[in-house]
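Student: I have a new model to read. Can you walk me through it, feature by feature?

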Amino acid sequence: MRDSDTGLIELADIPRAIGFLTRLPLRVDGDAAVARGAGCVWAYPIAGLVVGTVVAAILWALMAVGVPAALTAGGAVAAGLFVTGALHEDGMADTVDGLWGGWTRERRLEIMKDSRIGAYGVLALVVTVGLRWQGFAAIDALWAVVAVAAASRAAMVPLMRMDNARGSGVSASVGRPSLGAVWLALSLGALPLLALGGAGIAALVAIAAAAAAMAMLARAKIGGQTGDILGATQQISEIAALVVLVALGV
């Protein structure tokens, strides 16, 4: 896996990150984005802010017209899926299928690459979408939804420093981000949650624990990370933060 020569921060990294993590119609120079590699990952939490703002706006709009909380949360989940193209959900399903469906490292990677979804993947989607649905229905502070979306995408960036398990694919082609890019992503991802005070700090601890657990699991099962592992990391980090915030009455 190549190290990415990130250089200085570029403002163009923001639309590159948004264009990569969402399906929003942004004009991005594809050649420049490829050449930049992992240099733009510091902006992943900014892309998360965009996604979180869309989700929170849907929550607010539906609540404003008196839609019940359960249906409001369903609309918010659907909005997130639409904006991201279910990018992270796809990674979640492939990860669970592979890590629990294969007995060897090679077989696990083979299953993760297969576009078909198995029983483990289906169940993972049902559980994770259901938990986020319930989290959106129970949470009171709309800013928390935005903050969690940013922090959970920042959580993916440190795992990109791990060896790539496959040696090919999108994650491998992007490369390994510099430590500076990692710390900047983590800082930007943490700031919105810190605005929530002690509850935000508790949510950050939950996100760190979820990401660390995924990193250890991926290293044990397949010897490193892949794009699917990164997507699963975002999902479990978001869920962990929502659970903590709801438990603390945010």
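Predicted model: local features only at pLDDT ≥ 70, side-chain atom pairs only at ≥ 80, totals over all residues.

Student: What is the phi of alanine 86?

Tutor: About 55 degrees, a positive value, although alanine 86 is not a glycine.

Student: How do I read its accessibility: is alanine 86 buried, partly exposed or exposed?

Tutor: Look at the relative accessible area. Buried means under 20%, exposed over 50%, and partly exposed lies in between. Alanine 86 has 26%, so it is partly exposed.

Student: Now the whole fold. How many helices and strands does the protein chain have?

Tutor: Count 13 helices and zero strands. Read along the sequence, the pattern is α-α-α-α-α-α-α-α-α-α-α-α-α. The radius of gyration is 17 Å, close to the 18 Å that the globule rule gives for 250 residues, so the chain is as compact as a globular protein of that length.

Student: What does the C-alpha trace span along its principal axes?

Tutor: About 50 × 45 × 35 Å.

Student: How much of the protein chain counts as buried?

Tutor: Of its 250 residues, 48%.

Student: How do I read contacts against sequence distance?

Tutor: Take the contacts between residues at least 6 apart in sequence. In this chain, 79% of them join residues at least 24 apart. Here is a pair to look at. Alanine 181 and glycine 39 are 142 residues apart in sequence, yet 7.0 Å apart in space, C-alpha to C-alpha.

Student: Where is alanine 181, and what does it touch?

Tutor: Find it in helix α11 (residues 179-194). Leaving out residues up to four places away in sequence, alanine 181 touches Val41, Trp42 and Val157. Its relative accessibility is 8%, so alanine 181 counts as buried.

Student: One last residue. Is glutamine 234 buried or exposed?

Tutor: Buried: its relative accessible area is 0%. Glutamine 234 lies in helix α13 (residues 227-247).

Student: Which residues does glutamine 234 touch?

Tutor: Again skip residues up to four places away in sequence. Glutamine 234 then touches His88, Ser152, Arg153 and Met156. With serine 152 there is also a polar contact of 3.0 Å between the side chains.

Conventions. Residues numbered from 1 in each chain as written. Heavy atoms only, no water. Helix = DSSP H or I, 4+ residues; strand = E, 2+ residues; numbered from the N terminus. Buried < 20%, exposed > 50% of the residue type's maximum accessible area, 1.4 Å probe, protein only. Polar contact = N/O pair within 3.5 Å; in protein donor to acceptor, adjacent residues only side chain to side chain. Contact = heavy atoms within 4.5 Å. Rg over C-alpha atoms; globule rule 2.2 N^0.38 Å.
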